[in-house]
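Here's a quick briefing to read with the structure open beside you. Take it one topic at a time and find each piece on screen as you go.

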Amino acid sequence: MTQTTTETIEVVVNGSPRRLPRDATLLEVLAALELDPRLVVVEHNRRIVRRPELGHVRVAPGDAIELVHFVGGG
Amino acid sequence: MATAVTAVRDVPFTVGGRTFGSRLMVGTGKYRDNATMVRAIEASGAEIVTVAVRRVDLDRTREEGVLYHIDPRRFFLLANTAGCYTAEEAIRYARLGREAGFNEFIKLEVIGDQETLLPDVQGLLEATRVLVREGFKVMAYANEDLVIALRLEEAGAVAVMPLASPIGSGLGLLNPFHVRTIKRRLTVPVVVDAGVGTASDACLTMEQGVDGILMNTALAAARDPVLMAQAMRLAVEAGRAAYLAGRMPRREVAVPSSPTEGMLD
(Lines give C-alpha, C1' and ligand atoms only; values in the text may rest on other atoms or scores of the structure.)
Protein backbone atom coordinates (compact mmCIF):
# COMPACT_ATOMS: atom_id res chain seq x y z
CA MET A 1 0.00 0.00 0.00
CA THR A 2 1.22 3.51 -0.80
CA GLN A 3 1.43 6.32 1.67
CA THR A 4 -1.22 8.37 -0.07
CA THR A 5 -4.58 7.90 1.57
CA THR A 6 -7.05 6.25 -0.74
CA GLU A 7 -10.67 7.09 -0.40
CA THR A 8 -12.65 3.97 0.42
CA ILE A 9 -16.21 2.91 -0.22
CA GLU A 10 -18.38 0.28 1.38
CA VAL A 11 -19.52 -2.72 -0.66
CA VAL A 12 -20.96 -6.10 0.32
CA VAL A 13 -18.70 -9.05 -0.43
CA ASN A 14 -20.16 -12.51 0.13
CA GLY A 15 -22.83 -11.06 2.36
CA SER A 16 -20.52 -9.02 4.62
CA PRO A 17 -19.76 -5.30 4.42
CA ARG A 18 -16.20 -4.53 3.36
CA ARG A 19 -14.31 -1.33 2.59
CA LEU A 20 -12.52 -1.13 -0.73
CA PRO A 21 -10.62 1.65 -2.48
CA ARG A 22 -12.92 3.81 -4.58
CA ASP A 23 -12.81 2.86 -8.27
CA ALA A 24 -11.02 -0.45 -7.61
CA THR A 25 -11.54 -2.92 -10.42
CA LEU A 26 -12.86 -6.39 -9.64
CA LEU A 27 -9.45 -7.77 -10.54
CA GLU A 28 -7.90 -5.50 -7.89
CA VAL A 29 -10.53 -6.64 -5.39
CA LEU A 30 -9.51 -10.27 -5.99
CA ALA A 31 -5.84 -9.36 -5.64
CA ALA A 32 -6.51 -7.54 -2.36
CA LEU A 33 -8.27 -10.66 -1.07
CA GLU A 34 -5.43 -12.87 -2.34
CA LEU A 35 -7.77 -14.84 -4.60
CA ASP A 36 -6.67 -16.47 -7.85
CA PRO A 37 -9.01 -15.18 -10.60
CA ARG A 38 -8.74 -18.55 -12.34
CA LEU A 39 -10.31 -20.32 -9.37
CA VAL A 40 -13.06 -17.87 -8.47
CA VAL A 41 -16.21 -16.77 -10.24
CA VAL A 42 -17.33 -13.19 -9.67
CA GLU A 43 -20.93 -12.10 -9.59
CA HIS A 44 -21.29 -8.32 -9.52
CA ASN A 45 -24.77 -7.04 -8.68
CA ARG A 46 -26.21 -10.38 -9.80
CA ARG A 47 -24.35 -10.33 -13.12
CA ILE A 48 -21.55 -12.80 -13.78
CA VAL A 49 -18.36 -10.99 -14.79
CA ARG A 50 -16.11 -13.10 -16.98
CA ARG A 51 -12.38 -13.24 -16.33
CA PRO A 52 -11.31 -10.97 -19.22
CA GLU A 53 -13.72 -8.27 -18.03
CA LEU A 54 -12.60 -8.28 -14.39
CA GLY A 55 -9.99 -5.59 -14.98
CA HIS A 56 -12.53 -3.28 -16.60
CA VAL A 57 -15.39 -3.36 -14.11
CA ARG A 58 -15.09 -0.92 -11.20
CA VAL A 59 -16.88 -1.16 -7.88
CA ALA A 60 -19.29 1.50 -6.66
CA PRO A 61 -20.69 2.14 -3.16
CA GLY A 62 -23.31 -0.40 -2.15
CA ASP A 63 -22.36 -2.97 -4.79
CA ALA A 64 -23.05 -6.61 -4.02
CA ILE A 65 -20.18 -8.88 -4.96
CA GLU A 66 -20.31 -12.66 -4.72
CA LEU A 67 -17.11 -14.66 -4.99
CA VAL A 68 -17.76 -18.36 -5.46
CA HIS A 69 -15.77 -21.49 -6.22
CA PHE A 70 -16.16 -25.25 -6.36
CA VAL A 71 -16.27 -27.11 -3.07
CA GLY A 72 -16.89 -30.75 -2.26
CA GLY A 73 -20.44 -31.85 -2.99
CA GLY A 74 -22.54 -34.74 -4.18
CA MET B 1 -8.29 -53.55 -14.33
CA ALA B 2 -9.63 -55.28 -17.45
CA THR B 3 -13.03 -56.58 -16.53
CA ALA B 4 -15.48 -59.09 -17.89
CA VAL B 5 -17.91 -56.31 -18.66
CA THR B 6 -15.61 -54.33 -20.88
CA ALA B 7 -14.54 -57.52 -22.60
CA VAL B 8 -18.14 -58.49 -23.31
CA ARG B 9 -20.58 -56.65 -25.51
CA ASP B 10 -21.25 -53.56 -23.42
CA VAL B 11 -21.36 -50.18 -25.08
CA PRO B 12 -19.60 -47.25 -23.40
CA PHE B 13 -21.63 -44.89 -21.24
CA THR B 14 -22.55 -41.84 -23.29
CA VAL B 15 -24.38 -38.78 -21.97
CA GLY B 16 -24.95 -35.45 -23.68
CA GLY B 17 -22.63 -36.43 -26.53
CA ARG B 18 -19.72 -37.40 -24.27
CA THR B 19 -18.48 -40.89 -23.63
CA PHE B 20 -17.06 -42.14 -20.36
CA GLY B 21 -15.21 -45.28 -19.35
CA SER B 22 -17.00 -45.76 -16.03
CA ARG B 23 -20.68 -46.07 -15.17
CA LEU B 24 -19.93 -45.01 -11.61
CA MET B 25 -19.97 -41.31 -10.79
CA VAL B 26 -18.94 -39.98 -7.39
CA GLY B 27 -19.31 -36.88 -5.28
CA THR B 28 -16.63 -34.96 -3.40
CA GLY B 29 -18.58 -33.98 -0.27
CA LYS B 30 -18.29 -34.97 3.39
CA TYR B 31 -14.96 -36.78 3.33
CA ARG B 32 -13.03 -36.62 6.57
CA ASP B 33 -10.01 -35.25 4.71
CA ASN B 34 -8.98 -34.42 1.17
CA ALA B 35 -6.32 -37.12 0.91
CA THR B 36 -8.92 -39.82 1.65
CA MET B 37 -11.28 -38.25 -0.88
CA VAL B 38 -8.69 -38.32 -3.63
CA ARG B 39 -7.74 -41.93 -2.92
CA ALA B 40 -11.39 -43.01 -2.80
CA ILE B 41 -12.17 -41.31 -6.10
CA GLU B 42 -9.22 -43.02 -7.71
CA ALA B 43 -10.24 -46.40 -6.29
CA SER B 44 -13.78 -45.93 -7.61
CA GLY B 45 -12.54 -45.64 -11.18
CA ALA B 46 -15.04 -42.80 -11.71
CA GLU B 47 -14.39 -40.18 -14.38
CA ILE B 48 -17.33 -37.94 -13.59
CA VAL B 49 -16.94 -36.19 -10.25
CA THR B 50 -19.56 -33.84 -8.83
CA VAL B 51 -18.81 -30.55 -7.10
CA ALA B 52 -20.88 -27.82 -5.46
CA VAL B 53 -20.79 -24.06 -5.96
CA ARG B 54 -20.36 -22.06 -2.75
CA ARG B 55 -19.06 -18.73 -1.51
CA VAL B 56 -15.33 -18.50 -0.96
CA ASP B 57 -14.77 -18.25 2.78
CA LEU B 58 -12.77 -15.02 2.93
CA ASP B 59 -11.65 -15.57 6.50
CA ARG B 60 -10.28 -19.07 6.07
CA THR B 61 -7.64 -20.84 4.10
CA ARG B 62 -8.25 -20.99 0.36
CA GLU B 63 -7.35 -24.69 0.30
CA GLU B 64 -11.01 -25.60 0.83
CA GLY B 65 -11.56 -25.20 -2.92
CA VAL B 66 -11.91 -28.64 -4.46
CA LEU B 67 -9.74 -27.69 -7.46
CA TYR B 68 -6.74 -27.73 -5.14
CA HIS B 69 -7.23 -31.48 -4.81
CA ILE B 70 -8.93 -32.71 -7.98
CA ASP B 71 -7.22 -32.25 -11.31
CA PRO B 72 -9.82 -31.03 -13.82
CA ARG B 73 -7.73 -32.43 -16.67
CA ARG B 74 -8.09 -35.93 -15.23
CA PHE B 75 -11.69 -35.82 -14.06
CA PHE B 76 -14.86 -34.51 -15.64
CA LEU B 77 -16.22 -32.00 -13.14
CA LEU B 78 -19.99 -32.00 -12.92
CA ALA B 79 -21.27 -28.95 -11.03
CA ASN B 80 -24.46 -29.39 -9.03
CA THR B 81 -27.13 -27.05 -7.75
CA ALA B 82 -27.39 -28.78 -4.37
CA GLY B 83 -29.06 -26.73 -1.69
CA CYS B 84 -31.28 -24.81 -4.11
CA TYR B 85 -34.98 -24.68 -3.29
CA THR B 86 -36.35 -22.72 -6.22
CA ALA B 87 -35.91 -22.86 -9.98
CA GLU B 88 -34.56 -19.30 -9.94
CA GLU B 89 -31.90 -20.13 -7.36
CA ALA B 90 -30.89 -23.32 -9.19
CA ILE B 91 -30.54 -21.39 -12.46
CA ARG B 92 -28.30 -18.84 -10.75
CA TYR B 93 -26.05 -21.58 -9.32
CA ALA B 94 -25.97 -23.39 -12.67
CA ARG B 95 -24.74 -20.26 -14.42
CA LEU B 96 -22.04 -19.74 -11.79
CA GLY B 97 -21.06 -23.39 -12.08
CA ARG B 98 -20.70 -23.16 -15.82
CA GLU B 99 -18.51 -20.09 -15.40
CA ALA B 100 -16.36 -21.77 -12.76
CA GLY B 101 -16.19 -24.99 -14.59
CA PHE B 102 -15.02 -26.66 -17.66
CA ASN B 103 -18.18 -27.82 -19.42
CA GLU B 104 -21.83 -27.05 -19.98
CA PHE B 105 -23.14 -29.99 -17.93
CA ILE B 106 -25.09 -29.37 -14.76
CA LYS B 107 -26.45 -31.80 -12.21
CA LEU B 108 -29.69 -29.99 -11.56
CA GLU B 109 -31.22 -30.27 -8.12
CA VAL B 110 -34.25 -28.30 -7.02
CA ILE B 111 -35.14 -29.47 -3.55
CA GLY B 112 -38.69 -29.28 -2.27
CA ASP B 113 -38.50 -30.46 1.33
CA GLN B 114 -35.85 -30.00 3.99
CA GLU B 115 -36.39 -33.23 5.89
CA THR B 116 -36.36 -35.63 2.95
CA LEU B 117 -34.48 -33.48 0.41
CA LEU B 118 -36.93 -34.82 -2.16
CA PRO B 119 -37.02 -32.96 -5.48
CA ASP B 120 -39.50 -30.19 -6.26
CA VAL B 121 -40.54 -31.56 -9.63
CA GLN B 122 -42.31 -28.40 -10.72
CA GLY B 123 -39.25 -26.25 -10.06
CA LEU B 124 -37.05 -28.90 -11.63
CA LEU B 125 -39.01 -28.86 -14.86
CA GLU B 126 -39.08 -25.06 -14.95
CA ALA B 127 -35.31 -24.80 -14.37
CA THR B 128 -34.62 -27.53 -16.93
CA ARG B 129 -36.50 -25.63 -19.64
CA VAL B 130 -34.62 -22.39 -18.95
CA LEU B 131 -31.20 -24.02 -18.73
CA VAL B 132 -31.70 -26.11 -21.88
CA ARG B 133 -32.56 -22.89 -23.75
CA GLU B 134 -29.29 -21.42 -22.44
CA GLY B 135 -27.31 -24.33 -23.85
CA PHE B 136 -26.80 -26.33 -20.68
CA LYS B 137 -26.69 -30.11 -20.69
CA VAL B 138 -29.01 -30.85 -17.83
CA MET B 139 -28.77 -34.02 -15.78
CA ALA B 140 -31.87 -33.77 -13.63
CA TYR B 141 -32.05 -35.25 -10.13
CA ALA B 142 -35.64 -36.50 -9.89
CA ASN B 143 -38.03 -38.72 -8.03
CA GLU B 144 -38.39 -42.28 -9.23
CA ASP B 145 -41.55 -41.20 -11.02
CA LEU B 146 -42.10 -42.15 -14.65
CA VAL B 147 -44.23 -39.16 -15.58
CA ILE B 148 -41.79 -36.54 -14.30
CA ALA B 149 -38.96 -38.47 -15.94
CA LEU B 150 -40.81 -38.31 -19.28
CA ARG B 151 -41.49 -34.59 -18.85
CA LEU B 152 -37.82 -33.90 -18.09
CA GLU B 153 -36.80 -35.78 -21.20
CA GLU B 154 -39.31 -33.78 -23.27
CA ALA B 155 -37.90 -30.59 -21.74
CA GLY B 156 -34.48 -31.49 -23.12
CA ALA B 157 -32.62 -33.05 -20.17
CA VAL B 158 -29.65 -35.11 -21.41
CA ALA B 159 -30.08 -37.53 -18.51
CA VAL B 160 -32.66 -38.21 -15.84
CA MET B 161 -31.39 -39.17 -12.41
CA PRO B 162 -34.03 -40.89 -10.32
CA LEU B 163 -33.19 -41.45 -6.68
CA ALA B 164 -32.70 -44.90 -5.18
CA SER B 165 -33.75 -43.40 -1.82
CA PRO B 166 -33.31 -39.97 -0.17
CA ILE B 167 -29.93 -38.23 -0.37
CA GLY B 168 -27.52 -39.44 2.29
CA SER B 169 -29.99 -42.03 3.63
CA GLY B 170 -28.14 -45.16 2.53
CA LEU B 171 -31.47 -46.99 2.33
CA GLY B 172 -30.66 -48.54 -1.02
CA LEU B 173 -32.94 -49.04 -4.02
CA LEU B 174 -36.44 -48.71 -2.60
CA ASN B 175 -38.36 -48.93 -5.86
CA PRO B 176 -36.69 -51.16 -8.43
CA PHE B 177 -39.91 -51.48 -10.39
CA HIS B 178 -40.27 -47.74 -11.00
CA VAL B 179 -36.60 -47.32 -11.81
CA ARG B 180 -36.85 -50.16 -14.32
CA THR B 181 -39.96 -48.62 -15.86
CA ILE B 182 -38.21 -45.25 -16.22
CA LYS B 183 -35.25 -46.93 -17.90
CA ARG B 184 -37.51 -48.84 -20.27
CA ARG B 185 -39.48 -45.76 -21.31
CA LEU B 186 -36.77 -43.11 -21.66
CA THR B 187 -34.40 -42.63 -24.54
CA VAL B 188 -31.89 -40.47 -22.64
CA PRO B 189 -29.59 -42.17 -20.13
CA VAL B 190 -30.98 -42.98 -16.69
CA VAL B 191 -28.48 -42.56 -13.87
CA VAL B 192 -29.61 -43.47 -10.37
CA ASP B 193 -28.51 -40.74 -7.99
CA ALA B 194 -28.62 -40.86 -4.19
CA GLY B 195 -29.51 -43.42 -1.59
CA VAL B 196 -27.12 -46.26 -2.35
CA GLY B 197 -25.62 -47.47 0.94
CA THR B 198 -23.36 -50.39 0.16
CA ALA B 199 -22.08 -52.53 -2.70
CA SER B 200 -25.13 -54.82 -2.91
CA ASP B 201 -27.34 -51.73 -3.38
CA ALA B 202 -25.18 -50.60 -6.28
CA CYS B 203 -25.18 -54.06 -7.83
CA LEU B 204 -28.97 -54.42 -7.52
CA THR B 205 -29.42 -50.95 -9.01
CA MET B 206 -27.25 -51.74 -12.03
CA GLU B 207 -29.11 -55.05 -12.49
CA GLN B 208 -32.21 -52.98 -13.30
CA GLY B 209 -30.49 -51.94 -16.53
CA VAL B 210 -29.86 -48.29 -15.69
CA ASP B 211 -26.95 -46.57 -17.38
CA GLY B 212 -25.05 -45.59 -14.27
CA ILE B 213 -25.03 -44.61 -10.60
CA LEU B 214 -23.95 -41.46 -8.82
CA MET B 215 -23.07 -41.71 -5.15
CA ASN B 216 -21.30 -39.70 -2.49
CA THR B 217 -22.16 -40.51 1.12
CA ALA B 218 -21.87 -44.27 0.62
CA LEU B 219 -18.17 -43.71 0.08
CA ALA B 220 -17.52 -40.67 2.28
CA ALA B 221 -19.30 -42.11 5.32
CA ALA B 222 -17.91 -45.65 5.04
CA ARG B 223 -15.41 -46.63 7.74
CA ASP B 224 -12.88 -47.14 4.96
CA PRO B 225 -13.92 -44.95 2.00
CA VAL B 226 -11.12 -46.23 -0.25
CA LEU B 227 -12.07 -49.87 0.23
CA MET B 228 -15.76 -49.06 -0.21
CA ALA B 229 -14.95 -47.21 -3.43
CA GLN B 230 -13.23 -50.33 -4.71
CA ALA B 231 -16.23 -52.44 -3.66
CA MET B 232 -18.59 -50.06 -5.45
CA ARG B 233 -16.54 -50.20 -8.60
CA LEU B 234 -16.75 -53.99 -8.62
CA ALA B 235 -20.45 -53.92 -7.70
CA VAL B 236 -21.31 -51.57 -10.55
CA GLU B 237 -19.40 -53.76 -12.97
CA ALA B 238 -20.96 -56.94 -11.58
CA GLY B 239 -24.47 -55.49 -11.72
CA ARG B 240 -23.96 -54.28 -15.26
CA ALA B 241 -22.60 -57.68 -16.35
CA ALA B 242 -25.52 -59.48 -14.68
CA TYR B 243 -27.98 -57.19 -16.44
CA LEU B 244 -26.34 -57.84 -19.80
CA ALA B 245 -26.17 -61.56 -19.10
CA GLY B 246 -29.90 -61.73 -18.38
CA ARG B 247 -30.99 -63.43 -15.20
CA MET B 248 -32.74 -66.80 -15.06
CA PRO B 249 -36.49 -66.78 -14.50
CA ARG B 250 -37.71 -66.80 -10.91
CA ARG B 251 -39.60 -69.97 -9.94
CA GLU B 252 -41.65 -70.72 -6.87
CA VAL B 253 -40.61 -74.39 -6.94
CA ALA B 254 -37.28 -76.16 -7.06
CA VAL B 255 -35.91 -77.53 -10.31
CA PRO B 256 -33.11 -80.06 -9.90
CA SER B 257 -29.75 -79.21 -11.35
CA SER B 258 -28.55 -82.81 -11.56
CA PRO B 259 -30.09 -85.52 -13.77
CA THR B 260 -33.14 -87.28 -12.28
CA GLU B 261 -32.35 -90.36 -14.37
CA GLY B 262 -29.57 -92.85 -13.72
CA MET B 263 -30.30 -93.02 -10.00
CA LEU B 264 -29.50 -96.35 -8.26
CA ASP B 265 -32.34 -98.75 -7.33
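Let's start with α2(B) and α9(B): where these two helices pass each other, the crossing is right-handed. Keep in mind while you look that this is a predicted model. Helix α2 covers residues 34-44 of chain B and helix α9 covers residues 225-245 of chain B, and their axes come within 7 Å.

**α2 against α9 in chain B**

- The two axes cross at roughly 15 degrees.
- Angles under 35 degrees count as roughly parallel, and α2(B) and α9(B) are therefore roughly parallel to each other.
- On the α2(B) side, the residues in the contact are T36(B), R39(B), A40(B), A43(B) and S44(B).
- Across from them, α9(B) brings P225(B), V226(B), A229(B), Q230(B), M232(B) and R233(B).
- Sort the residues of this α2(B)–α9(B) contact by type and you get 6 nonpolar, 3 polar and 2 charged.

**α7 against α9 in chain B**

- Helix α9(B) also packs with helix α7 (residues 199-207) of chain B, at an angle of about 25 degrees and with the axes 7 Å apart.
- That angle makes α7(B) roughly parallel to α9(B).
- The crossing of α7(B) past α9(B) is right-handed.
- From α7(B), the contact uses A199(B), A202(B), C203(B), L204(B), T205(B), M206(B) and E207(B).
- From α9(B), the partners include A231(B), M232(B), A235(B), V236(B) and Y243(B).
- By type, the residues where α7(B) touches α9(B) split into 12 nonpolar, 2 polar and 2 charged.

**α3 against α4 in chain B**

- Next up are helix α3 (residues 87-100) and helix α4 (residues 121-133) of chain B, whose axes come within 8 Å and cross at roughly 40 degrees.
- That makes α3(B) oblique to α4(B).
- This crossing is right-handed.
- A87(B), A90(B), I91(B) and A94(B) of α3(B) meet G123(B), E126(B), A127(B), V130(B) and L131(B) of α4(B).
- The α3(B)–α4(B) contact residues come out as 7 nonpolar, 1 polar and 1 charged.

**Where chain A meets chain B**

- How many residues does each chain put into the contact? Chain A gives 18 and chain B gives 28.
- Two elements of chain A give two or more residues each to the side touching chain B: β3 (41-44) and β5 (64-72).
- The largest share of that side, 7 residues, comes from β5(A).
- Strand β5(A) is joined by 5 bridges to strand β4 (residues 48-55) of chain B, and the two run antiparallel.
- For one spot to look at, find V71(A), which stands opposite A52(B) in β4(B).

**How confident is the prediction?**

- Chain A averages a pLDDT of 91, with 93% of its residues scoring at least 70.
- Chain B averages a pLDDT of 94, and 96% of its residues score at least 70.
- Among the elements of chain A, strand β2 (residues 16-21) has the lowest mean pLDDT, 93, while β3(A) has the highest, 97.
- The model scores ipTM 0.89 and pTM 0.90.

Note on methods
Residues are numbered from 1 along each chain as its sequence is written. Chains are lettered from A and ligands numbered from 1 in the order in which they are written. This is a predicted model: local features need pLDDT of at least 70, side-chain atom pairs count only at pLDDT 80 or more; totals for chains, interfaces and linings use all residues. Axes are lines fitted to C-alpha atoms, for helices over the stretch in contact, and angles run from 0 to 180 degrees between N-to-C directions. Helices (H or I, at least four residues) and strands (E, at least two) are DSSP runs, numbered from the N terminus. Angles under 35 degrees count as roughly parallel, over 145 as roughly antiparallel, 65 to 115 as roughly perpendicular and the rest as oblique. A crossing is left-handed if the near helix is turned anticlockwise from the far one by less than a right angle, and right-handed if clockwise. Two residues are in contact if their C-beta atoms, placed from the backbone, lie within 7 Å. Ala, Val, Leu, Ile, Met, Phe, Trp, Tyr, Cys and Pro count as nonpolar, Asp, Glu, Lys and Arg as charged, and the others, Gly among them, as polar. Two strands pair if DSSP finds at least two bridges between them. pLDDT is the predictor's confidence in each residue, from 0 to 100.
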